[in-house]
Structures are given as structure tokens and as C-alpha cells.
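Here is a short briefing on one protein model. Look through the structure first, then read the points by topic.

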Amino acid sequence: MGTVRVAVLAGFEKQVRLLQGNPDKILRANGFKPEFFTEFEADDVVCYERVERLLHAAAVATDCPHFAARLGTQQNINLLGSISHLMLQSNNVGAALMELTDHLLLHVSSGATAKLHVFGEHAYLGYYSSSETGLRKQSDELAMSQSMVVMKALCGEDWKPTRVNFCHGPPDNLRPYLKIFDTTVFFGHDRTEIVFPKTWLELPILQTDPALNMILRTHINQLEENIPQDICARIVQLIRELLPVGSCSTETVAERLAVHPRTMQRMLREEGSSFSELLESVRQEIASERLRNSDMSIIQLSDYLGYADNTAFTRAFKRWYGATPMQWRKSVNTGG
């Protein structure tokens, strides 16, 4: 079960009060002390899934479905702690975003990844979590609004995205999202990401200090050395990254780990697991999440998960749930 730094909830109480809600009541109802934000520091950690449930509860209590997206806009780049300091000492925006993707584990432990890639004339900053609460809408929207804050801190207030994509289905009211993200917002997409012109990646970050950069990098490396290494969690993370780009094989994952495929398989056997078991688990989790929360077609989902064809995906799904993907989606969405 992953954790996230308490900083991710900065401004929670203020936001609830602005929406005429009672933060103490919401905190208490979700297993948090009303004194939570005074007893814990920004660098302390809390269960990731508890945060999702808290954000969902706040959205319901304040009758504000976009609560998490709104909360993120009130935060600043410092929510990332040491990572933000290193980003601000990078040579340009592209390098800063690579620091974010490389060191996100210091902010969100095992189960969440950020990915930056360039295609054509655009850059794509994506986010994915392995939460099993069914409430990923909240964490995804928070992550994207926080990404907006980070990009404006790096590029200036004039920066704006070309579009924002979400995996989950569309809201009843699109207007608040258009206001928050100031661009076209798409739902039911295969990735949660912010899209912007790649030219921004070359923008220099002013007043950087190479000596400070080196100090920060040493500090972060020391912090990362203290993070327990979980080979299964690392491989699951890589599977999630590689599935959408169609290159998720034993060889590719082993290459990313800088080990021979046989070595990787041996390491997994020692943990009582295997690559095929982890791949199957990730596919099952993503399939159920997308069928429940998006309008992605069965053919699109089959391709996303790397199956040879729709028949192979349907066969696997029936093995998991005893029903076809269409039958399962209908049952879940109708409460049957």
C-alpha cells in the first residue's frame, strides 16, 4: 500500500471552509484527527488510499465534484519538497520535469508514476497511480491541477496547456474544469496527462546555482538510498509505464532494470512471483478500473493492455471475473 507526503493536502481545511463545509467533521468521519494538520509536518507520510477517500468525502460533503482539482490550484511547487528545490535549480524546464519523473518516489511511494514524453510538436506529462479504491478520479484531478501549478512555477504565469486528458468519464458539469485548466479537457482517455507545446521544454530556468544543484542532488540520492527496494513493486511500475506504448516484454523490463532477463526472473522467483503473474495482475487491475470509470471501448482496452486481439482479452477477463468485459461493465454500472 503506497504512501504520500502530507504536503499533498496543503490547504485542505481552508478549501473545505470556503465551500461552506466542516473540515473537522470530514476528517473525523474518515479516520483522521481534527488536529491532523497541526500534528503532522509536510514531510510526514499518510496512506495514499486514505487521501483518496478523504478527497472523495470532501467532494461529497461540499457538493463540489471537482474539489481535488480546485484544491491543487491553491497549492504551489513547494508541495514536492526536496524535489521542487532540485527542479528549480535545473538548466531548463525539460530537465526540471525529468527530475520530477526520476524522483517522484520521494513524494509518492510505490504505486504512482509520472512520465514525460515528446511526440510530434507536443510534450506529454502524464500521471498514473495503482490505487484500488475506485476513487482515482480524485487523485488524478489533484495531480493534474498540481501539474498546472508546477508548470507555471517553471515557465511563468503565461504558460497554459494545449489540452488535459483524464482516464475517468466526463463530469455532469464541464464548466469548472474548463475554468481550472483554462483549456480543452477530455475524459475517457487512455492516459491522465497534460499536453503542451514541446518548445517550453527548452525554456531556461533563471538564477540557477550549479553548486546548490549538486548539494540538492546529493541530499536526494541519500534519501533514495533509504527507501526499501521492492523488486516486484518496481517491475509493476515499469509494466504500467510500458503497456501503453506497446513495449512491455520481459526483455524490455529487464533492460530498464539493467539486468539480464534470466536474472530478473530469478529475483522474482525468490520473492515468490513471476513476470507473467505481475503482468496479469496489472492487466486485471487496469481493465476493471477503465471499464468502471471510463468509456473506453473493449477493442481500445484490449490494445492498451497488449493483447493480440479482442478475443484473447475477453478470454482472460472471463477467467478473472466469470463474465465478458461488456457483461461486467453493465453489471457494475447498473449495480447488478
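A cavity is a set of points on a 1 Å grid over the protein atoms alone where a 1.4 Å probe fits but cannot get out. Grid points are joined across faces, edges and corners, and a volume is the space filled by probe spheres set on the points. This is a predicted model: local features need pLDDT of at least 70, side-chain atom pairs count only at pLDDT 80 or more, and totals for chains, interfaces and linings use all residues. Residues are numbered from 1 along each chain as its sequence is written, and side-chain values use heavy atoms, with hydrogens and water left out.

**The cavity**

- The structure holds 1 cavity of 30 Å³ or more.
- The largest cavity has about 310 Å³ of space.
- Its lining (residues with an atom within 4 Å of a point) counts 22 residues.
- Leu 104, His 107, Tyr 127, Ala 143 and Gln 146 lie nearest the centre of the largest cavity.
- Helix 8 (136–155) gives the largest share of this lining, 7 residues.
- Helix 4 (48–61) and strand 4 (122–129) each supply at least two residues of the lining.
- Helices (H or I, at least four residues) and strands (E, at least two) are DSSP runs, numbered from the N terminus.

**Thr 113**

- Thr 113 is found in strand 3, residues 112–119.
- Thr 113 has a relative accessible area of 9%, so Thr 113 is buried (under 20%; exposed is over 50%, partly exposed in between, with a 1.4 Å probe and protein chains only).
- Beyond its neighbours within four places in sequence, Thr 113 is in contact (heavy atoms within 4.5 Å) with residues including Leu 104, Tyr 127 and Glu 241.

**Helix 16**

- Helix 16 covers residues 310–321 and has 12 residues.
- From first C-alpha to last, helix 16 reaches 16 Å, close to the 16 Å expected at 1.5 Å a residue (1.5 Å times one less than the number of residues).
- Asp 309 caps its N-terminal end, with a side-chain oxygen 3.1 Å from the backbone nitrogen of Thr 311.
- Among the buried residues of helix 16 are Phe 313, Phe 317 and Trp 320.
- The cover over the buried residues of helix 16 includes helix 14 (275–293), helix 15 (298–304) and helix 17 (325–334).
- Gly 322 follows helix 16, with a positive phi near 70°.

Note on methods:
A polar contact is a pair of N or O atoms within 3.5 Å; within protein, one must be able to donate a hydrogen and the other to accept it, and residues adjacent in sequence count only if both atoms are side-chain atoms. On a 1 Å grid over the protein atoms alone, a cavity is a set of points where a 1.4 Å probe fits but cannot get out, and a pocket is an open set with protein on both sides within 12 Å along at least five of seven lines; lining residues have an atom within 4 Å of a point.
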